[in-house]
Amino acid sequence: MKKISILLGIIALTSINSCAERVIVNREVESKNDGKMLLGTQTLDQFRKEPFKTWFDEEYNRYQIDQSSLAELKKEKLNSYNLVVFVGSWCEDSHREFPRLIKILETLKYNTDKMQIIAVNRKKESPSGEEGLYNITRVPTIIVKKYGKEIGRITEMPETGYLERDLLNILKKDNSSLFK
C-alpha cells in the first residue's frame with residue numbers, strides 16, 4: 001500500500017510540473033525580413049527601447065488627443081476596465097495606433113498594470129497562443145474587458161478615426177446596458 005501511495009505522489013508531482021508553463025516576458029526575436037521583432041507578453045518599457053522607440057515616440061509625440069472625448073472618457077471610469085492589446089512590432093497600423101492608445105491611457109492616468117500587451121508575428125501568432133482565445137485576425141486589436149468578459153474591441157483602426165472616441169463608445173454602450 002505504501003508503494004502505491006508513493007507512486008501516486010510521484011505521478012501527481014510529475015503532472016503538476018509538466019503543466020506549469022513558464023511565461024517569457026519581453027521576448028525579442030530576430031526576423032530575416034523584419035529585423036528585431038517583439039513576440040509574446042510584453043511590458044510597456046519594451047516599446048521605449050530601440051529599435052521600437054523610434055516609431056513609438058514619433059507617433060506618441062505627434063498625436064493630438066480629442067479633448068472632449070477624453071473628458072467624457074474620464075467620466076466613464078476607464079480605470080474600472082481591463083485591456084488586452086495585440087500588436088505587431090512589424091505592423092504599420094500598430095506603429096500608429098499603439099502609441100496613440102498609450103498616450104490616451106497615460107493622460108487618463110490609467111493603471112497600465114490592468115493592461116496585457118501581446119506581440120504577435122506576421123501570422124498573428126504568439127508563443128502562448130493567446131490569439132486563439134480572442135480570435136485575433138488583425139493587429140492592433142484592443143480588447144476592453146469588465147469582470148473578465150469582453151465588452152468590446154477595436155480592430156486595426158478606430159471606426160470613428162479616434163481611439164478615444166471608439167473607447168468612449170464601447171464604455172457608454174456597456175454603461176447603458178446596466179440600466180436596462
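These are my notebook entries on a predicted protein model.

**Ground rules.** I'm working with a predicted model, where local features need pLDDT of at least 70 and side-chain atom pairs count only at pLDDT 80 or more, while totals for chains, interfaces and linings use all residues. Residues are numbered from 1 along each chain as its sequence is written, and side-chain values use heavy atoms, with hydrogens and water left out.

**Overview.** I looked up the secondary structure and got 6 helices and 6 strands. Both come from DSSP runs numbered from the N terminus (helices are H or I, at least four residues; strands are E, at least two). Along the sequence I read α-β-β-α-α-β-α-β-α-β-β-α. Of the 180 residues, 43% count as buried (under 20% relative accessible area, with exposed over 50% and partly exposed in between, using a 1.4 Å probe and protein chains only).

**The sheet.** I traced an open sheet of 6 strands in the order β1-β2-β4-β3-β5-β6, with mixed pairing. Two strands pair if DSSP finds at least two bridges between them. β1 (27-31) and β6 (149-155) are at the edges with a single partner strand each, so one side of each has no neighbour in the sheet.

**E164.** Next I went to helix α6 (residues 163-177), where E164 is found. E164 is buried but has no salt bridge, and the nearest side chain of opposite charge, R165, is 6.3 Å away. A salt bridge needs a side-chain nitrogen of Lys or Arg within 4 Å of a carboxyl oxygen of Asp or Glu. For charge, Lys and Arg count as positive, Asp and Glu as negative, and His and the chain ends are not counted. What I did find is a polar contact of 2.7 Å between the side chains of E164 and Y63 (a pair of N or O atoms within 3.5 Å; within protein, one must be able to donate a hydrogen and the other to accept it, and residues adjacent in sequence count only if both atoms are side-chain atoms).

**K145.** My last stop was K145, in strand β5. K145 is also buried without a salt bridge, and its nearest side chain of opposite charge, E150, is 7.5 Å away. The K145 side chain makes a polar contact with the side chain of Y134 at 3.0 Å. Leaving out residues up to four places away in sequence, K145 touches Y81, N82, V84, Y134, E150 and I151, where contact means heavy atoms within 4.5 Å.
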